[in-house]
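Subject: Handover of a structure

Dear colleague,

Please find below the structure that I am handing over to you.

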Amino acid sequence: MVLGQGGEGDAAPAAGGQEPEVPPGREDGPGAVQPCPAPGVEAAGAEERRACGCCSGMSWPFCCEAPGGKKKATCPGLGLFYTILSAFLFSVASLFLKKIEDVHSVEVSAFRCVFQMAFVLPGLIYYKTGFLGPKGKRIFLFFRGFLGSTAMVLLYYAYQVMPLADATVITFTSPVFTSLLAWIFLKEKYSLWDVLFTLFAVTGVILIARPPFLFGSRVTGIEGSYSDHLKGTIAAIASTLSAASTIVILRKVGKSVHYFLSIWYYAVIGLIGCVIALFVLNEWRLPHCGRDRVFLILIGLLGLGGQIFLTKALQIEKAGPVSIMRTMDVVFAFILQVLFLNHIPTWWTVGGALCVVASSSGTAIRKWRHSVKKAKQREI
């Protein structure tokens, strides 16, 4: 996983096979979906906004160029390219986080929340969503913000105290735990395949953590002390569970709340929580090194860029292929760790990575096939 996973629950539902939601103001409601006019036929009132079935109910001009015109073709593979670019930006941001020497992970999270707020605020004003959301949904939004920001802080801590590749691999167990929590709280189907993928994910985490009672007292290939490695592993697992809980909450809320508002709650609650934690820990201070200040800015910009490209990928590509392609995060993490951190991963880590990637990819493929099957049934 990447800098965006725990905190960016808005993008994470893709792992569960859901399509990205359509911004309010671009839906004309049920019953308004009409078939696209036949090619060459000029529809009456072309200036009016209309919805067409080929664009999933999105209003013109947000989907087709014009009523009666052909749908604008998307460059083949562009969505997957955006996904790879997003993974690369997230991985580089993680590398900069490892390079920061004198800034606490909570303070880095606070800076990230500030960037999120600056990005989302114009969207809230443009779409006129308000800042609190529907009354019946505010409690869900609060927990979404709390769990999402908690996942981000824990993930940043894990990046700082354990190898970059190890922390990244563990966060990719999120889709597996999402399926498990959705089965418990949303009564979604949980098959034997899901059980198998969960066991694969747990096996991968064990190979990375390498607890002494299984692997002996001499644990090699870790970064720093084993105590820090274990703390980082626990933080990464807790971050993954928090991110999975965030996705379940987003599924519960559905499309009744604009995704900008969801990100707003995440940023505001995260910033408040980080500021309180920094004063309690007495860790609030500007970095003394100018390089660390530059890294903080770059982490915010790269994380935001990764989020934007991931969102664009989900707009033009199916969620399943995007979820699978996001495993490139793991590849980039291994490459950057070797090139810039001089840390060669052990075969235990490689084996754990293969287990986790197989698990998350299998979960994504199953969810994707299920969503395609449901779409075909609706067409029939």
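**Findings**

Ala182 lies in helix H5. Helices here (H or I, at least four residues) and strands (E, at least two) are DSSP runs, numbered from the N terminus. Please note that this is a predicted model, in which local features need pLDDT of at least 70 and side-chain atom pairs count only at pLDDT 80 or more, while totals for chains, interfaces and linings use all residues. Residues are numbered from 1 along each chain as its sequence is written, and side-chain values use heavy atoms, with hydrogens and water left out.

The term buried means under 20% relative accessible area, exposed means over 50%, and partly exposed lies in between (1.4 Å probe, protein chains only). Not counting residues up to four places away in sequence, Ala182 touches Lys187, Glu188, Val248 and Arg251; contact means heavy atoms within 4.5 Å. Ala182 and Ile247 are 65 residues apart along the chain, and their C-alpha atoms are separated by 8.9 Å.

Thr178 is also found in helix H5, which covers residues 174–185. With a relative accessible area of 3%, Thr178 is buried. Its contacts, leaving aside neighbours within four places in sequence, are Ala244, Ile247, Val248 and Arg251.

How many of the residues of H4 are buried? Eight of its eight residues are, and H4 is described as mostly covered. These buried residues are Leu164, Ala165, Asp166, Ala167, Thr168, Val169, Ile170 and Thr171.

Helix H3 (residues 138–161) and helix H4 (residues 164–171) have axes that come within 7 Å and cross at roughly 150°. Axes are lines fitted to C-alpha atoms, for helices over the stretch in contact, and angles run from 0 to 180 degrees between N-to-C directions. H3 and H4 are therefore roughly antiparallel to each other. Angles under 35 degrees count as roughly parallel, over 145 as roughly antiparallel, 65 to 115 as roughly perpendicular and the rest as oblique. The crossing of H3 past H4 is right-handed; a crossing has this hand if the near helix is turned clockwise from the far one by less than a right angle, and is left-handed if anticlockwise. On the H3 side, Leu155, Ala158 and Tyr159 meet Leu164, Ala167, Thr168 and Thr171 of H4. By class, this contact of H3 with H4 has five nonpolar, two polar and no charged residues. Ala, Val, Leu, Ile, Met, Phe, Trp, Tyr, Cys and Pro count as nonpolar, Asp, Glu, Lys and Arg as charged, and the others, Gly among them, as polar.

The axes of H4 and helix H8 (residues 226–253) come within 8 Å and cross at roughly 30°, so H4 and H8 are roughly parallel to each other. Their crossing is right-handed. Asp166, Ile170 and Thr171 of H4 make the contact with His229, Thr233, Ala236, Ile237 and Thr240 of H8. The residues of this contact divide into three nonpolar, four polar and one charged.

**The protein as a whole**

The protein has 13 helices and zero strands. Of its 380 residues, 49% count as buried. Among contacts with a separation of 6 or more, residues 24 or more positions apart account for 81%. The protein exposes about 18300 Å², of which carbon and sulfur atoms supply 67%; accessible areas come from the Shrake-Rupley method with a 1.4 Å probe, and for residues only the protein chains shown count as cover.

Yours sincerely
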